[in-house]
Amino acid sequence: MHTLGIDIGSASSKAVILGDNGEVAGQAVVPVGTGTTGPERALHEALRLAGIAPGDVARTVATGYGRVTWQGADRQVSEITCHARGVLHRMPEARTIIDIGGQDVKAIEVDPDRGFVRNFVMNDKCAAGTGRFLEVMARVLGLEVERLAEVSETSARTVSISSICTVFAESEVISHLSRGEPVPDVLAGIHQSVAKRVAGLVSRLGVRPPVVLTGGVAKNRGVVLALEKELRTEIRIAPSCQLTGALGAALIAREDLSKK
Amino acid sequence: MSGNVTSKQLLDHYARKVYADAAAAKAVGKPVGWSTAIVPQEFFETMDLPLVYPENHSAVISARKRALGFLERAEGYGYHADVCGYMRVNFGYLLEGARGDDDVPPAPVPDFVVCCNNYCTMIVKWYENLAKELGVPLFMIDMPYNPEGAVDEARVRYIRAQFDRLVGRLEDLTGRPFDRERFRRVMEISRENARLWKRAFELVGHVPSPANGFDFYNYLTLMVFMRGRAETTEVLRLWIREMEGKIARGEGPFRDAAEKFRIMFDGIACWPQLAHTAKAFRSYGINITGSNYPDGWAVQYETGDLDGMARAYASIANNMSLEKAVEKRVEIIRQGRCDGAVYHMNRSCKVMDFTTYEAQRRVFAETGVPYITFDGDQADPRVFVAAQFDTRIQALVEMMEAREESER
Amino acid sequence: MSGENRIRAILTGLAAVAARPGEAAERLKREKGKPLVGVLPYYAPEEIVHAAGMLPVGVWGGTADASMAGHYFPPFACPLVKSTLDLALRGVYDGLAAMIVPALCESLTFFGQNFRAARPGIPFVPVVHPQNRRTPEGVAYLRAEYERVRDRLAEIAGREVTAADLDRAIGVFNDHRRAMRAFLEEAPRHPSLVSPRVRHAVAKSAYYMDKADHGALVGELTGLLKSLPEESGAGKRVVVTGIMAEPEGLLDLFEEVGLEISADDLAQESRAFRTDVPDGGDPLERLARRWSLVEGCSLAFDPGKERNRILLDLVRNSGARGLVVLMIQFCDPEEMDYPLYRKELDAAGVPVLHLEVEPRMSLEQARTRLQSFAEMI
């Protein structure tokens, strides 16, 4: 009895297939999101890895920004609920989940006793603190996003950025570089900026350790270290950090079946 | 006092002393209050109740670049970044344990709070929350807004009744009777200080000005904290003598440069970026010779005239109509003999910002003096954008130069 | 007509008024042959307008892109006053006999000043409520303000406004408030007939109709609803708090994700109907005393922060599972109350969703939050 969870974001599509035993049989990430071929491609790649045909999927749950318009799910559940489920499946000790996505940031307080999500906060109004912010800055610095963590390791100090707005922060970074500030130091400031923004959001929720980080930006060690500093607590990275939403959706699909 | 001490030194001494005195009073179990900035201090001075002013406290913290941590703390607690930065810094300070350090003056946790809303409504909510969170009494002295630009009889009666009620409550709080003779003396001193404050402004308007940059924003501390005290009279008289001396010697505001342009700075200072803004002004030889902001503390009334006192406190510029706001700015530009105006669109202060656009247009129509507006904040360092400020000041200088040229 | 059909007919009529308030106001003016007086929020003495033989209409802004307001306001004034000023600049209010503007917050106070500058041809009638509203001097002060309002309106209407006129008007408005309270209490028992959007329309339409007419319709509606059995709701009940339930698309989302509104603490709705004008002698004094009885509103001086307790009671007594905060952008009073009542509700284990709202917000993002909240409670 296979179930499929599909997480259709604005910038990427993720799919997870759970097998008979409830373990992950196949998973895929495609870097394009809702309104593109992304969801279908992610779906087919996951099926291929699981070695099953579409008809073998007993139930599908969709989540993410594109969940409402995508045809092919039996039901749709919010990404808050799905991320919480996905993280707790692998890390049942988690109490605060922070998801830094391409275009939004969420913090979720989980409470397994009462049914997973106890509280949540989201910032989806501006790019500051999200993956988009890092993309913009990476371009200014002439680096690939994947290299940001490595480059920031050599920084001697942090060149702070005061603007909360991405557009003005970009100007600040450019002016720092033109004044000859070393790239790693400016990068440290960029990471601090993301961390401050995220920490500001999380503190409205209240930080309850253990804190788990999910989402693509979790792969950037520089941000993780800066965030640990701002929140004054250890941060654990969820395995397959981009796929926790889809995993949660697949788990919920599996639960739906067992209730029937 | 030694004869060689300057008014600046005295100012610094008292600015520190007010906090030390409040902490000392608290330590011996005397009730200490927190108050809004243009409160009828006469009543509290008469009852010997020390007041600390969180707006001043937050301004000092912001000028010393320590605001961010407190802002973040308050925002983590649930306060939106939209609300007044002074308020957020103040709550952050409380949440962090109300501890002073080298930069942060040690404002003790208050035993009572006083709110007089003669310049905004945000402070009413601020003080509601303080009273509730700290579990202390709130003395609310309500001075309703004057939409038609005059304090009518109904308002005066209402404020007078509140004054009477306040006296009763202060007697209950302290267990002491209200000393009417002392009250008269305090009023007399306050009246003299207001007169001296106005006189100082007149002198600042001299060409060249004997005061520089944000000087009177600094001396403002005295008028906020000690408006009813003889010490303030002493410092103001000294400052006035110093300025008269400079005028007699033909000295300008800057030691090493000429006073090229004079501007009205409209609004509260951008405290987190005081150095940057002051430096930018200096680099063009710009001096600030007028501002609507410190003028608010020139609370003038006749000794013993409580109706007059009620009217004076209720007539602070922020509490009056758009027309009155325009009148005041025109008066300031003329007294300051200003060549230009810089309006601080202070994100934290909606009262000062919401009629700025219309006021600017009218003031310009009446005075012909070029102006610019810049975005900043009295406490939050994240709002100001240096590049924007620098570009706009340069544009203003170009406008002032062009006007000078055309008048030649 | 069967009971249910009559219910639907009434609701359809009220929804039409709420959907096009400007047209409804024009129709009102034509049908009654009386001048209209615009009334800005909150707690303005509408009774005096009625007593002067004129019709009060609510002014709550619109969803228009408020670009013209930028001539007077920087971006961080609340959407209500910005869009109202924008509409004023476009001449939408030029037919009004007067505009009554309270000064309960920075946005309203300076809206008044800017409005007067922008539209000097429309008589501007400010009213400034006291903070110390529970003291005799506060009531006396407000009575004097109301007297001034009465004199201005009498002048505009070209007639005297007697104590008897005022007493009658108070009676009409108190009856109306009672009718609204009865409806709002009955509504949660019939979610299939009274969805969140319909509930809102019943409240909103009150601002664009004659109070006696609206009250009569609502009274009839409530009676008919009471004759139907209570539905065993499948939805999850929540209390809504804030200034207003706009944009209305949000209310559709409530329904979509299975949230039912058991009670509200909205300034446009229940807060406007909760407090009656008390009995007494002099009607102006009675009107002034109403302000001293208002409780739990961010705009009414509340040093004991009674709102915390009131919200908690509202959630418990209405059988709600949680509170949804519709935080209108740039609203200082509401933003200042939030952390305190949030703390108290958190301590009591009541789930709270904070939603920042403004006219051009993305409903997609709101859907995610509302859905997550519904899944959570």
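This is a predicted model: local features need pLDDT of at least 70, side-chain atom pairs count only at pLDDT 80 or more; totals for chains, interfaces and linings use all residues.
B:D48 sits in the loop between α2 (41–46) and β2 (51–52) of chain B. Its phi is near 60 degrees, a positive value in a residue other than glycine.

Two cis peptide bonds come next. One joins B:V207 and B:P208, with omega about -5 degrees. B:P208 lies in the loop between α8 and α9 (215–225) of chain B. The other runs from C:P41 to C:Y42, and its omega is near 0 degrees. C:Y42 belongs to the loop between β1 (36–39) and α3 (46–51) of chain C.

Now to helix α8 of chain B, residues 180–204. This helix has 25 residues. From first C-alpha to last, α8(B) reaches 36 Å, close to the 36 Å expected at 1.5 Å a residue. At its start, a side-chain oxygen of B:D179 comes to within 3.1 Å of the backbone nitrogen of B:E181.

| Helix pair | Axis separation | Angle |
|---|---|---|
| α1(B) (7–27) and α10(B) (230–248) | 9 Å apart | about 155 degrees |
| α3(B) (54–63) and α5(B) (85–95) | within 9 Å | roughly 90 degrees |
| α14(B) (322–335) and α16(B) (356–367) | 9 Å apart | about 45 degrees |

Take α1(B) and α10(B). Their axes are 9 Å apart and the packing angle is about 155 degrees. That makes α1(B) roughly antiparallel to α10(B), because angles over 145 degrees count as such. The crossing of α1(B) past α10(B) is left-handed. On the α1(B) side, B:S7, B:L10, B:L11 and B:Y14 make the contact. On the α10(B) side, the partners are B:E231, B:E234, B:V235, B:L238, B:W239 and B:E242. By class, this contact of α1(B) with α10(B) has six nonpolar, one polar and three charged residues.

How are α3(B) and α5(B) oriented to each other? They are roughly perpendicular, as their axes cross at roughly 90 degrees. From α3(B), the contact residues are B:P54, B:E55, B:H57, B:S58, B:A59, B:I61 and B:S62. They meet B:Y86, B:V89, B:N90 and B:Y93 in α5(B). The contact of α3(B) with α5(B) divides into six nonpolar, four polar and one charged.

The remaining pair is α14(B) and α16(B). Their packing angle is about 45 degrees. The two helices are therefore oblique to each other, and the crossing of α14(B) and α16(B) is right-handed. α14(B) contributes B:L322, B:E323, B:V326, B:R329, B:V330, B:I333 and B:R334. α16(B) answers with B:E358, B:A359, B:R362, B:V363, B:E366 and B:T367. Which classes make up the contact of α14(B) with α16(B)? The contact has six nonpolar, one polar and six charged residues.

Notes. Residues are numbered from 1 along each chain as its sequence is written. Chains are lettered from A and ligands numbered from 1 in the order in which they are written. Side-chain values use heavy atoms; hydrogens and water are left out. Axes are lines fitted to C-alpha atoms, for helices over the stretch in contact, and angles run from 0 to 180 degrees between N-to-C directions. Helices (H or I, at least four residues) and strands (E, at least two) are DSSP runs, numbered from the N terminus. Angles under 35 degrees count as roughly parallel, over 145 as roughly antiparallel, 65 to 115 as roughly perpendicular and the rest as oblique. A crossing is left-handed if the near helix is turned anticlockwise from the far one by less than a right angle, and right-handed if clockwise. Contact means heavy atoms within 4.5 Å. Ala, Val, Leu, Ile, Met, Phe, Trp, Tyr, Cys and Pro count as nonpolar, Asp, Glu, Lys and Arg as charged, and the others, Gly among them, as polar. The expected span of a helix is 1.5 Å times one less than its number of residues. A polar contact is a pair of N or O atoms within 3.5 Å; within protein, one must be able to donate a hydrogen and the other to accept it, and residues adjacent in sequence count only if both atoms are side-chain atoms.
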